[in-house]
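Let's take a walk through this one together. Keep the structure open beside you and follow along as we go from one part to the next.

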There are 2 protein chains.
Amino acid sequence: MLYIVGLGLGDERDITIRGLDCVRKCAKVYIEAYTSLLSFGLAANGLSKLEELYGKEIIVADREMVEEKADRMLDEALDSDVAFLVVGDPFGATTHTDIVVRARQMGVNVKVVHNASVMNAIGACGLQLYRYGETVSIPFFTETWRPDSFYVKIKNNKQFGLHTLCLLDIRVKEPTFESLCRGKKVYEPPKFMTINTAIEQLLDVAADRGESVCNEDTLCVGIARLGSDSQKIVADTMRNLRGVDFGDPLHCLVIVGETHDMENQMLDFYGNKQG
Amino acid sequence: MLYIVGLGLGDERDITIRGLDCVRKCAKVYIEAYTSLLSFGLAANGLSKLEELYGKEIIVADREMVEEKADRMLDEALDSDVAFLVVGDPFGATTHTDIVVRARQMGVNVKVVHNASVMNAIGACGLQLYRYGETVSIPFFTETWRPDSFYVKIKNNKQFGLHTLCLLDIRVKEPTFESLCRGKKVYEPPKFMTINTAIEQLLDVAADRGESVCNEDTLCVGIARLGSDSQKIVADTMRNLRGVDFGDPLHCLVIVGETHDMENQMLDFYGNKQG
């Protein structure tokens, strides 16, 4: 049996009792390292905290392993209990759905233990979840690569008065361009997009396209470290949010659509007190 | 301090360690009874299971209390630790956001403990969360009341190739019409919309409006008891799903938009094996 266990958003104490029971009975425990683990209080001694809580050794499955070598983990799960721990909810990332598909093709039984993910915990900012349209991802622009399909989606959502959750780029264990050329992988340091960068890029695209889907007066909510003790939420215009220091990753951004009374009251609580 | 603690979707074991720690240190523990608690394995002896796990007496806060008498709970939270337990995630329901707003207005500190909700656990059906449009609610039709605003939203989502999550009506502790006339409340038995009824209503609206946003060939996924051990997921056309017995509540329904390869593979796993 393969147990895919969501760890939630904060730290080691956000696992569920059901999840903890699964982990404790497994012969082997893997944890995904590449999507957002560095933000999960695991930078320093987080992994040993998890190991202490679970009473188990944990094998870190980095990006290469999850994408290229998952079959070994699935092989083990054919005749023993294996846990695969993921930050947030198991179905938050496409990669994890892929593992479910491969497991079923191999005849491995799969059980999923759900947990909070940014997709529902974003409700914390006060905007009602059923008033969100399509979620978008904002990638780091480079000098030669400036995809802006997210902008059209924001425009479509706005047309119906809907809010847009923007997930911001995470780059962990990306091979450097030079190392790819030489055939030996050397990795870039991890890089997390800040709310400030996301807003700069959004305003750049708006200027390029000459459409005012977003402008400096657009109301947004910046959310850092959602679900953790140090969570920071600030609601303000793009102009003002651009200068706010949100601190450590992960960051995400909501572009506000039409709001109801209660939503406005919640946004008031998160109004920018610095300006 | 008021701790609003999400219980997740399955049973008492879906609380997080963080949530359990909060509950155990609180002087008083309330649980919301009216949105979906009857589906939470709490029909029979569920409440005593929770009390046993927490080592605390739990006060059931029914619909009237949450909507009319929440101030008492908030008063207590001004100078002691109070837990308010909710099924799913604290921000899944508008009512809970309202409590946060009232708490802040009264100067009560609030901490939220997140958990899985239908809004993210729906990923279990294999359709990627970032490919969903606006979520809709489908209410029970009566002879004189047939609102169909959900239909327009499904149409808008389809236009962009997006999936639609349909939340199905729950009626718990609704006063009977006769009792309202007499001024003394007598309640209707609880009523949960099935996937079958939702599909009937959707096809009725489609016929009324003469628009083929949904028809008997529309691909859907029916999900019952999401996140619990008895979870049932079936993907098929409306014609075929209409006759499937999904069993006990809660049910929800996804209307499938454009799909990618991996989504198709997941839907294949959930294909209707009865037909």
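**A walk through the two chains**

Start with chain A, which has eleven helices and twelve strands. What you're looking at is a predicted model. Of the 275 residues in chain A, 54% count as buried. Now look at the contacts in chain A with a separation of 6 or more: 73% of them come from residues 24 or more positions apart.

Staying in chain A, find helix α4 (residues 70-79) and helix α5 (residues 94-105). Their axes come within 10 Å and cross at roughly 50°. The crossing of α4(A) past α5(A) is right-handed. On the α4(A) side, the contact uses Ala70(A), Asp71(A), Met73(A) and Leu74(A), while α5(A) brings in Ile99(A), Arg102(A) and Ala103(A). Sort the residues of this contact by class and you get five nonpolar, two charged and no polar.

Next, step across to chain B and its open sheet of five strands, ordered β3-β2-β4-β1-β5 with parallel pairing. Which strands stand at the edges? They are β3 (59-61) and β5 (110-113) of chain B; each has a single partner strand, so one side of each is left without a neighbour in the sheet. From one strand to the next, the twist averages 25°. For a look at one pairing, take strand β1 (residues 2-6) of chain B, which runs parallel to β5(B) and is joined to that strand by four bridges. Tyr3(B), for instance, has Lys111(B) in β5(B) as its bridge partner.

Two helices lie across these strands. Helix α1 (residues 17-25) of chain B lies across β1, β2 (28-32), β4 (82-86) and β5 of chain B, and runs at about 140° to β1(B). Helix α4 (residues 70-79) of chain B lies across β1, β2 and β4 of chain B, at about 135° to β4(B).

Chain B has another open sheet to show you. Its five strands come in the order β6-β7-β12-β10-β11 (chain B), and here the pairing is mixed. At the edges you'll find β6 and β11 (232-237) of chain B, each of which pairs on one side only. The twist from one strand to the next averages 25°. Helix α7 (residues 149-159) of chain B packs on this sheet, where it touches β6, β7 and β12 of chain B, and its direction makes about 145° with that of β6(B).

Strand β6 (residues 136-138) of chain B and β7(B) run parallel and are joined by three bridges, with Val136(B) partnered by Cys166(B) in β7(B). Strand β10 (residues 219-224) of chain B and β11(B), on the other hand, are antiparallel and share six bridges; there, Ile223(B) sits opposite Ile233(B) of β11(B). Strand β7 (residues 164-168) of chain B has four of its five residues buried, so it is largely enclosed by the rest of the structure.

Now zoom in on a single residue. Is Val256(B) buried or exposed? Its relative accessible area is 6%, and the cut-off for buried is under 20%, so Val256(B) is buried. You'll find Val256(B) in the loop between β12 (251-255) and α11 (261-269) of chain B. Leaving out residues up to four places away in sequence, Val256(B) touches Leu127(B), Lys158(B), His163(B), Leu219(B), Cys220(B), Val221(B) and Leu267(B). Thr164(B) lies 92 residues away from Val256(B) along the chain, yet their C-alpha atoms are separated by 6.7 Å.

Finish where the two chains meet. Helix α11 (residues 261-269) of chain A packs against helix α5 (residues 94-105) of chain B at an angle of about 45°, with the axes 10 Å apart. α11(A) and α5(B) are therefore oblique to each other, and their crossing is left-handed. From α11(A), the contact takes in Met262(A), Gln265(A), Met266(A) and Phe269(A); from α5(B), Thr94(B), Thr97(B), Asp98(B), Val100(B), Val101(B), Arg104(B) and Gln105(B). By class, this contact of α11(A) with α5(B) counts five nonpolar, four polar and two charged residues.

Definitions and conventions
Residues are numbered from 1 along each chain as its sequence is written. Chains are lettered from A and ligands numbered from 1 in the order in which they are written. This is a predicted model: local features need pLDDT of at least 70, side-chain atom pairs count only at pLDDT 80 or more; totals for chains, interfaces and linings use all residues. Side-chain values use heavy atoms; hydrogens and water are left out. Axes are lines fitted to C-alpha atoms, for helices over the stretch in contact, and angles run from 0 to 180 degrees between N-to-C directions. Angles under 35 degrees count as roughly parallel, over 145 as roughly antiparallel, 65 to 115 as roughly perpendicular and the rest as oblique. A crossing is left-handed if the near helix is turned anticlockwise from the far one by less than a right angle, and right-handed if clockwise. Contact means heavy atoms within 4.5 Å. Ala, Val, Leu, Ile, Met, Phe, Trp, Tyr, Cys and Pro count as nonpolar, Asp, Glu, Lys and Arg as charged, and the others, Gly among them, as polar. Buried means under 20% relative accessible area, exposed over 50%, partly exposed in between (1.4 Å probe, protein chains only). Two strands pair if DSSP finds at least two bridges between them.
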